[in-house]
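Please open the model in your viewer, with the sequence panel alongside, and follow the selections below in order.

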Amino acid sequence: MLIRLSQHLSADQKNDTPRKKKVLILRKDVIGDFILFIPTLTHYREFYKDAELSLVINTVAEELKSQFNFIDNLILYEGKKFRTNFWYRRAFIHNLARQGFDIVVHAVYSREYICDRMVRATGAKETIAFRSAAGAIST
């Protein structure tokens with residue numbers, strides 16, 4: 001029985017076209033730090049040229065989206081609401097988990113619980129982030 005199942009799965013996998021890798025770049029900044037980060041987005045696009053790139057940003061930075069129109073998906077979150085509203089946070093985290101990201105880039109040096117929670121929620125097999133001492137993680 002197990003052999004037939006594995007043979008069946010192998011046959012299905014041969015017929016499937018490979019899907020693009022899904023990469024999530026996570027920034028929780030407000031306007032100032034995000035403006036400084038924007039030029040690096042072109043490098044992510046070059047490095048992950050065949051991937052579907054998604055970017056999580058704070059709603060306060062949304063007005064800058066014309067400067068990085070090469071990002072495939074823009075995911076907005078309301079910082080204050082994420083911190084204070086359990087139901088909003090739960091829905092947002094659930095939405096991230098459903099996306100099926102392969103790689104998450106947590107592109108900030110100072111880690112915070114909010115972003116760590118988002119990263120964990122994705123279930124991505126690969127996470128790229130700065131290593132931080134426990135004392136550097138703020139809540």
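Begin by selecting F34 and F37, both of which are buried. The model is a predicted one, and what follows should be read with that in mind. The two residues lie three apart in helix α2 (residues 31-47), and F34 and F37 are therefore separated by about one helical turn. Display their rings and you will find a tilted aromatic pair, with 6.2 Å from centre to centre and 40° between the planes.

Because F34 belongs to helix α2 while F68 is in the loop between β2 and β3, the pair ties together parts that are 34 residues apart in sequence. F68, like F34, is buried.

Keep F37 on screen and select R27, whose charged end sits over the ring of F37, 4.1 Å from the ring centre. For another arrangement of this kind, move to K22, which lies over the face of F101 at 5.5 Å from the centre of that ring.

Next, select helix α4, residues 86-98. At 1.5 Å a residue, the 13 residues of α4 should span 18 Å, and the C-alpha atoms at its ends are 18 Å apart, which agrees. Which residues of α4 are buried? Colour Y88, F92, I93 and L96, for these are the buried ones. When you look down the axis of α4, the buried residues fall within an arc of 125°, so they line one face of the helix. An α-helix has 3.6 residues a turn, so residues three or four places apart point the same way.

Turn the view to the face of α4 that is directed away from the buried side, where the exposed residues W87, R90 and R98 are carried.

Finish at the two ends of α4. At its start, select N85, a side-chain oxygen of which reaches to within 2.9 Å of the backbone nitrogen of W87. Just after α4, select G100, which takes a positive phi of about 75°.

How values were computed. Residues are numbered from 1 along each chain as its sequence is written. This is a predicted model: local features need pLDDT of at least 70, side-chain atom pairs count only at pLDDT 80 or more; totals for chains, interfaces and linings use all residues. Side-chain values use heavy atoms; hydrogens and water are left out. Helices (H or I, at least four residues) and strands (E, at least two) are DSSP runs, numbered from the N terminus. The expected span of a helix is 1.5 Å times one less than its number of residues. Buried means under 20% relative accessible area, exposed over 50%, partly exposed in between (1.4 Å probe, protein chains only). The arc is that of the directions from the helix axis to the C-beta atoms. A polar contact is a pair of N or O atoms within 3.5 Å; within protein, one must be able to donate a hydrogen and the other to accept it, and residues adjacent in sequence count only if both atoms are side-chain atoms. Rings of Phe, Tyr and Trp (its six-membered ring) pair if their centres lie within 6.5 Å; planes under 30 degrees apart count as stacked, over 60 as edge-to-face and the rest as tilted. A charge sits over a ring if NZ of Lys or CZ of Arg is within 6 Å of the ring centre and within 35 degrees of the ring normal.
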